[in-house]
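The points below treat a pocket, the strands and the aromatic rings in turn.

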Amino acid sequence: MEIQSNFSLKKHNTFGIEAKAKQFVAIHSIDELKTILKEHKNEKKFILGGGSNMLLTKDIEALVIHIDLKGKKIIQEDDDFVWVESQAGETWHEFVLWTIDNNFGGLENMSLIPGNVGTTPVQNIGAYGTEIKDTFVSCEAINIETQEIKTFINTECNFGYRESIFKNEVKDQYIITSVVYKLTKRHHKINTSYGDITAELAKNNITNPTLKDVSNAVIAIRQSKLPDPKELGNSGSFFKNPILLKSDFEKIHQKFPEMKYYEVSETEVKVPAGWLIEQAGFKGKRFGDAGVHKNQALVLVNYGNATGQEILEVSRDVQKTVFEKFGIHIEAEVNVI
């Protein structure tokens with residue numbers, strides 16, 4: 001467990017931003033984590049997972065603790081369900097593929113989402129009609145101040161759209177170390193309700209899809225729309241899809257009848273932020289080495305040597321222009337550091 005000084009974080013954030021950590025340490029066990037937290041109790045700390053949901057706009061003047069806890073196992077099962085536990089440092093997509101290889105259902109629609117397992121409850125990540133809250137049972141987390149381990153069950157996490165207790169009430173108080181999911185062993189609930197998935201399956205003449213078929217369809221869709229962070233720096237969807245009251249939306253919809261939307265409840269609708277950004281003229285636009293991706297306007301990209309500040313400026317320009325055109329505010333999904 002070596003603490004390094006003036007450490008480059010370029011390979012530890014999917015935007016590929018060059019930023020330095022005052023100090024950096026990778027953690028491979030709970031004991032190591034407890035030791036570091038105790039020994040550096042009064043120092044400023046920054047917790048780093050897969051680096052997939054953040055935009056670094058400056059150097060980190062703190063001890064960066066990289067959570068690299070590995071391992072996954074079955075902890076309980078019956079005829080219909082299996083409870084699997086994954087350590088926080090496991091790569092999310094590799095974990096999803098492992099569940100599919102074992103014919104465990106529930107995570108297939110979230111294939112190829114970047115990041116690590118430990119951050120999935122923080123964001124309540126989701127894609128194509130599923131969210132973490134649908135399969136999440138509990139997570140273990142360590143209190144940064146006391147080093148005590150606490151278990152958070154599903155109902156305690158206050159899950160919402162890209163929201164949880166870890167982004168709000170207990171933000172910066174806990175480090176998630178492992179997560180338990182309840183998955184199906186049979187009678188899988190195959191969710192192909194999104195048109196993109198239906199079209200992809202039809203293209204391959206698949207009428208009775210398996211978990212693997214759905215996963216492969218999602219992977220194909222994401223690869224066609226989203227750049228690989230290893231080839232082009234990005235953090236996936238930079239913005240949340242705005243949710244509006246129907247009464248407010250109807251006024252806007254009268255002005256823009258072509259606007260796409262999805263009903264989320266009797267009183268609310270969701271508007272695709274990507275559509276708003278594209279209509280505002282940003283899709284494929286480049287500003288130096290920062291820009292908006294040519295295939296998916298939700299994704300901001302680093303073409304090589306953009307700074308975090310330059311990407312942040314593009315995001316603010318997008319927000320301002322969308323608001324001026326439609327009267328709709330789009331929020332960043334990515335954490336700006």
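1. About 1000 Å³ of space lies in the second largest pocket. A pocket is an open set of points on a 1 Å grid over the protein atoms alone, where a 1.4 Å probe fits, with protein on both sides within 12 Å along at least five of seven lines; lining residues have an atom within 4 Å of a point. The volume is the space filled by probe spheres set on the points. Of its 38 lining residues, T14, P114, D228, P229 and K230 are the closest to the centre. Two or more lining residues come from each of α2 (92–101), α5 (211–225) and β13 (233–234). Helices (H or I, at least four residues) and strands (E, at least two) are DSSP runs, numbered from the N terminus.

2. The model is predicted: local features need pLDDT of at least 70 and side-chain atom pairs count only at pLDDT 80 or more, whereas totals for chains, interfaces and linings use all residues. Residues are numbered from 1 along each chain as its sequence is written, and side-chain values use heavy atoms, with hydrogens and water left out.

3. Strand β3 (residues 45–48) pairs with β5 (residues 60–67) in the parallel sense over 4 bridges. The bridge partner of I47 in β5 is I65.

4. The structure holds 15 aromatic pairs. Rings of Phe, Tyr and Trp (its six-membered ring) pair if their centres lie within 6.5 Å; planes under 30 degrees apart count as stacked, over 60 as edge-to-face and the rest as tilted. W92 and F95 form a tilted pair, 5.9 Å centre to centre with 50° between the planes. About one helical turn separates them, because they are 3 residues apart in helix α2. Ring pairs link W92, F95, W98, F104 and Y181 into a cluster.

5. F152 has a relative accessible area of 3% and is buried; F166, at 8%, is buried as well.

Methods: Pairing = 2+ DSSP bridges. Buried < 20%, exposed > 50% of the residue type's maximum accessible area, 1.4 Å probe, protein only.
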